[in-house]
Amino acid sequence: AGTLHVVATPIGNLADLSPRAQDTLRTVAAICAEDTRHTRHLLAHFGIEKPLLALHEHNEAEVAGRLVARLAAGESLALVSDAGTPLVSDPGFRLVRAAREAGIRVSPVPGPSAIIAALSVAGLPSDRFAFEGFLPAKAGARRERLAALVGETRTLAFYESSHRIAESLADFRTVFGDARRAVLARELTKLFETVLDGTLADLHAAVEADANQRKGEFVLLVEGVGDDAEARVAQGKLLYAKLAAHLP
Ligand code: SAM
């Protein structure tokens, strides 16, 4: 049987595609990509020509079986997403699971991931952290998710897009309070890379004050609650929210 290589790709700087990633993409029979146009552009930069197969949220369940059959028949395939590491807030989970269930070897070619890049420069505790991916788009659901996290002691990590960053930071202030320490990492590895640190109130003000600070791609890291007065208040709020859910 072939191998499914799960290959990380750059999150902004093309030079971050590792030599081993390039070799792997050159040697597989075909590459499964989230957006084939986007990946064709990446491959063109490295002079790699390969058949591309679309694998995205909407067709993954359907095409995974066919891809596993090709792997079982002896072809090796690579899986990439538009940026960073596949499966991390990106497609691939169903394919990887199906391949593993079929006894296919699944091997990583590790590389960039926005969450790890942000953690590595944030200066927040990172021995333990909780990756929360994208918050719900709807305001009510978003605040509910935040309320469930307010007592978390680990550093919290979120992905956020440009059209919601200001709104989300406002919700963080409401639920977590103004004083919680946080880091906003924007456009990592790109021309306008910016890493802001401060309180949630500072970050919200910075983003509101300058439209440029609302552009691009973001990772928001929020320090967990410590064992102090603020922590006890946050834990109290959390307990209250849990109890309130059971009150008429
Ligand atoms: N699989 C990717 C990874 O490993 O990082 C993440 C894919 S997710 C669909 C895209 C989100 O990742 C963006 O909305 C943003 O929150 C974050 N992101 C991606 N590239 C980034 C960058 N260069 N700087 C900051 N955040 C980035």
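**Exercise 1.** In this predicted model, determine how the residues of the shell around the ligand divide into nonpolar, polar and charged.

*Solution.* Begin with the extent of the shell: 24 residues surround the ligand, and the closest are Gly84, Ser113, Ala114, Tyr159 and Leu188. Next, sort the residues of this shell by class, which gives 10 nonpolar, eight polar and six charged. Finally, look for the elements that contribute: α5 (114-122), β7 (155-161), β8 (181-186) and β10 (217-222) each supply at least two residues of the shell.

**Exercise 2.** Work out whether helices α6 and α7 are roughly parallel, roughly perpendicular or oblique to each other, and describe their contact.

*Solution.* Start from the geometry, in which helix α6 (residues 139-149) and helix α7 (residues 165-176) pack at an angle of about 45 degrees, with their axes 10 Å apart. Angles under 35 degrees count as roughly parallel and those of 65 to 115 as roughly perpendicular, and α6 and α7 are therefore oblique to each other. As for handedness, α6 passes α7 in a right-handed crossing. On the side of α6 the contact is made by Arg142, Arg143, Leu146 and Ala147, while α7 brings Ser168, Asp171, Phe172, Val175 and Phe176. Sorted by class, the contact holds five nonpolar, one polar and three charged residues.

**Exercise 3.** Locate Asn212, and decide whether Asn212 is buried or exposed.

*Solution.* Asn212 is found in the loop between α8 (200-209) and β10. Because Asn212 has 11 C-beta neighbours inside 10 Å, and 12 or fewer count as exposed, Asn212 is classed as exposed. To relate Asn212 to Val175, note that the two are 37 residues apart in sequence and, C-alpha to C-alpha, 25 Å apart in space.

How values were computed. Residues numbered from 1 in each chain as written. Predicted model: local features only at pLDDT ≥ 70, side-chain atom pairs only at ≥ 80, totals over all residues. Axes fitted to C-alpha atoms, helices over the stretch in contact; angles between N-to-C directions. Helix = DSSP H or I, 4+ residues; strand = E, 2+ residues; numbered from the N terminus. Parallel < 35°, antiparallel > 145°, perpendicular 65-115°, else oblique. Left-handed = near helix turned anticlockwise from the far one by under 90°. Contact = placed C-beta atoms within 7 Å. Nonpolar A, V, L, I, M, F, W, Y, C, P; charged D, E, K, R; others polar. Near = placed C-beta within 6 Å. Buried ≥ 20, exposed ≤ 12 C-beta atoms within 10 Å, placed from the backbone.
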